[in-house]
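Please open the structure in a viewer and keep the selection panel at hand. The stops below proceed one selection at a time.

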Protein chains: 2
Amino acid sequence: MTRTLKLGAYFTGSAVQGDSWRHPQSHIDADQRFDRYLSYAQRLEAACFDAIFFFDNLFAATDRDTVATTPQAPRWDPLVLLSALATHTRRIGLVASVSTSYSQPYNVARQFAALDQLSQGRAGWNVVTSTGGGENFNLDGHLDHALRYERAHEFVEVVTGLWDSWADDAFLRDKVSGQWADPDKLRVLGHQGKHFQVRGPLNAARSPQGWPLISQAGSSEAGKDLAARFGEMLYTAAQDLGQARAFYDDVKARAARHGRLPEHILILPGVMPVIGRTQAEADAKFQALMAARDQPAVLRALSSYASLGIDLAGLAMSDRVPLPEVIPETNSHKSRQKLLVDWIRSEQPTVQDLYTRWSAGGHRLLVGTPEHIADDFQHWFEAGACDGFNVMFSSTPGGLEDFCSLVVPELQRRHLFRRQYSGRTLRDHLGLPRVPNRHFAPASDPAPAAQADAPPSELTAA
Amino acid sequence: MTRTLKLGAYFTGSAVQGDSWRHPQSHIDADQRFDRYLSYAQRLEAACFDAIFFFDNLFAATDRDTVATTPQAPRWDPLVLLSALATHTRRIGLVASVSTSYSQPYNVARQFAALDQLSQGRAGWNVVTSTGGGENFNLDGHLDHALRYERAHEFVEVVTGLWDSWADDAFLRDKVSGQWADPDKLRVLGHQGKHFQVRGPLNAARSPQGWPLISQAGSSEAGKDLAARFGEMLYTAAQDLGQARAFYDDVKARAARHGRLPEHILILPGVMPVIGRTQAEADAKFQALMAARDQPAVLRALSSYASLGIDLAGLAMSDRVPLPEVIPETNSHKSRQKLLVDWIRSEQPTVQDLYTRWSAGGHRLLVGTPEHIADDFQHWFEAGACDGFNVMFSSTPGGLEDFCSLVVPELQRRHLFRRQYSGRTLRDHLGLPRVPNRHFAPASDPAPAAQADAPPSELTAA
């Protein structure tokens, strides 16, 4: 089968998609109205997207300027939202971030197992260590970066261990004999680690995908290690082809060192397309979106996000961005900070350049015709820079509809994207096998079970 | 308006309702098939039930006998299940247990706020301290009873505090002025307690009910204190009218001491009806259900649940139940143990008597015609023993359908139960007002806001 693009759709779970909430055609009530997100999900499923993904965080900013001008809150709980979407969709994957820093693995394992059952095999867990929130979880501040990733590794070990509590055929449900389950097909986890002590078993059966899909987005060294070990779908923020190829080769090589097949780890850089039937129409749409942004609010948010110790809102738009002698250490999105610093060093942009470039939240911005965008996607894909894209719509419903009705048909015409789903589960869409239970060989397979502590992909690659 | 019965429906979230999974007509796959629970919810909504409720726990037994014979696992995650049900129902309340011992208040506050938004005001949180599970949450065993309740009080304080993070009209969403929210309508919680340190604010808006409904089920002294302070719908296991009236008077008096109106705390004893058009038909249905139970498995489960140090499965059915000299201290369901001990002391039952009586999981069993069951409900209701009942169906779909098609019409004929919903939210159904924000008077009300640390019912009773 020809290799084709994978397409994910990025959402925030909040009222608004993108920064242009004041645009006359932007929906700004999706935090209250489930029917908004439902319509997006159904449109994307009609366009054969692989998955929709919900970002999450566990705090809300409190400074007056941010509260007054930025739709950072409210935000749906992603599991509640995905569970509701699951019963109104049939094929599209349902992925959400849940934090390893501020949750317990037993609860997370249950929720995603239940979502996978409910959706008949379409659940995905985006493993995040979070960019903040400690103040809401009994801490004075955010957990330290290194400690977060150490905890994340152990957290995923526990969750995946719990998912293998029961053999696929453990539950017999035999009314005649009275046997409900086979005790020999239960494995108690008994995890005793530095961060967690979890006995198990999970009070959930194995789910349709074996394990819900594991996605991940960290691009720091610690993030790449986690991705290489467990990640199956990776969201990245590569800004140019060279960066993207370097990341792609690096992570696939790391995965191979864990005994995984490179094609079992799919890399989807984020991209924000602004689409017009002509370049002039696309440019005009982009200008209208930029005009509907709150410039000081975006500059404040960017100053905070970049963590460079610079107040961009206090500079003139024509000033060159002043980079400090020493780049301050950040405790979150380390890799995003590095991308930004490298770009500022090499390009010496003005504040206006940075403001425009950063309009996709640090992701790549593409403004053009469907052909232009398809050319770009095809070039990256064929150059070995990615396996697909995580599409961040510039607005809803407009930007989403433009992509589905203009870009998707162009990708299909080029045989780069499916015209219909060929499988049922998210793993099917991504070309990933169902994950077998590490402790129990399938009934039809007399081979010995894999080792209990083997990394997951040795199993899927076997 | 005439006072009418409130009816809740009890479910476990597992594959089977009741202990008679081997009954030929019992569904035994509701843990895998969402459409089963959907059909129950829609049938109950057609019958105008106030709410459906999902029990939960955070562990699964591992002893071979229990695993082999008892459908104790798998079980749905209740928030995933309720979120899916929310978009397929319009009026019925959606209530689930979530543990204060093994969750974090920020996460719980978000989930129920989201469910309340999704369901347009039908969410309820059953506050439980859990009967076990510590081994899955970094502990050597279950948290101590007193510590659990101390933690529960603080947990509910934090959750309700987070629910009041934003005024109802905090989010302006004004595209023209560019004002998203009013910073003066945000209150940061800043909770610093013994068990929790939670800064806030919640990244969710106030939900349709103000606060999701708070239900509760503990009947120990500590449980009644928690109920009197926060509980709005209480599930109990009263076995006879005297017990039920004593509990009713006790809890309503305790609530009054917290400044709450007695009618703002609704008490729903659990009851399992087995219904026939004639008494003989009802008796035959009960016998068929009993015959479909696994007697040793039920006796083992009862021995474990009762925590009396007696192995009932090792006795003859005709033996009198031997009560030990000293009743062992239990760390869970203290009140249920006491009810059982009192009953054994006064009745001196045989193992068979206990087995039969305990067939409703410690709740009251009623076997009879619709008229008989309606008589009983009416008697308890008019005698001041309850505000309604939490109905535990002996089986699904049979027992549920019998109740909806036979008992509900009889209650309606007597004007004891609604023929249609008159309100939209769960609080509407229960006659409870929407909870105002403690920090912000409604826009139309110039009265000063209530104190930040006032107990909730001073607010609702004002």
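How many aromatic pairs does a search of the whole structure find over all chains? The search finds 50 aromatic pairs. The model in the viewer is predicted, a point to bear in mind at every stop.

**Stop 1: two aromatic pairs**

Select A:Phe155 and A:Phe196. Their ring centres lie 5.5 Å apart and their planes meet at 85°, so the pair is edge-to-face; planes over 60 degrees apart count as such.

Next, select B:Phe53 and B:Tyr235 in chain B. With ring centres 4.6 Å apart and planes at 40°, this pair is tilted. The pair links distant parts of the chain: B:Phe53 is in strand 2 (residues 51-54) of chain B and B:Tyr235 is in strand 10 (residues 233-236) of chain B, 182 residues apart. B:Phe53 and B:Tyr235 are both buried.

**Stop 2: an aromatic cluster in chain A**

Now select A:Phe11, A:Tyr37, A:Tyr40, A:Phe49, A:Phe54, A:Phe377, A:Trp380, A:Phe389, A:Phe393, A:Phe403 and A:Phe417 together. Ring pairs link these residues, from A:Phe11 to A:Phe417, into a cluster.

**Stop 3: chain A as a whole**

Along the principal axes, the C-alpha atoms of chain A fill a box of roughly 75 × 50 × 40 Å.

Of the 462 residues in chain A, 63% are buried. Chain A exposes about 16,700 Å², and carbon and sulfur atoms supply 50% of that area. Among contacts in chain A between residues at least 6 apart in sequence, 76% join residues at least 24 apart. If charged residues are coloured as well, the mean positions of the 47 positive and 52 negative charges of chain A are 4 Å apart.

**Stop 4: a serine touching both chains**

Is B:Ser83 buried or exposed? B:Ser83 has a relative accessible area of 0%, so it is buried. Leaving aside residues up to four places away in sequence, B:Ser83 touches A:Val80, A:Ser83 and A:Ala84, as well as B:Leu115 and B:Leu118.

**Stop 5: backbone details**

Select A:Ala73 and A:Pro74. The peptide bond from A:Ala73 to A:Pro74 is cis, with omega near 0°. A:Pro74 is in the loop between helix 2 (64-69) and helix 3 (78-86) of chain A. Then move to B:Gly200 and B:Pro201, where the peptide bond is also cis, with omega near -5°. The loop that holds B:Pro201 runs between strand 8 (197-198) and strand 9 (213-216) of chain B.

Two residues with positive phi follow. A:Gln348 has a phi of about 45° although it is not a glycine, and it lies in the loop between helix 10 (334-347) and helix 11 (351-357) of chain A. For B:Cys48, phi is near 70°, again a positive value in a residue other than glycine. B:Cys48 lies in the loop between helix 1 (34-46) and strand 2 of chain B; with a relative accessible area of 5%, B:Cys48 is buried.

**Stop 6**

Select residues 221-230 of chain B, which form helix 6. Because 7 of the 10 residues of helix 6 are buried, the helix is largely enclosed by the rest of the structure. Among the buried residues are B:Lys224, B:Arg229 and B:Phe230.

Finally, select B:Lys252 in helix 7 (residues 241-257) of chain B. B:Lys252 is buried, with a relative accessible area of 10%. B:Lys252 and B:Pro262 are 10 residues apart in sequence, and their C-alpha atoms are 5.2 Å apart in space. Not counting residues up to four places away in sequence, B:Lys252 touches B:Pro262, B:Ile265, B:Ile267 and B:Asp387.

Key:
Residues numbered from 1 in each chain as written. Chains lettered and ligands numbered in written order. Predicted model: local features only at pLDDT ≥ 70, side-chain atom pairs only at ≥ 80, totals over all residues. Heavy atoms only, no water. Buried < 20%, exposed > 50% of the residue type's maximum accessible area, 1.4 Å probe, protein only. Helix = DSSP H or I, 4+ residues; strand = E, 2+ residues; numbered from the N terminus. Contact = heavy atoms within 4.5 Å. Areas by Shrake-Rupley, 256 points an atom, 1.4 Å probe, with all protein chains shown as cover. Lys, Arg positive; Asp, Glu negative; His and termini not counted. Charge placed at Lys NZ, Arg CZ, Asp CG, Glu CD. Phe/Tyr/Trp six-rings, centres within 6.5 Å; stacked < 30°, edge-to-face > 60°.
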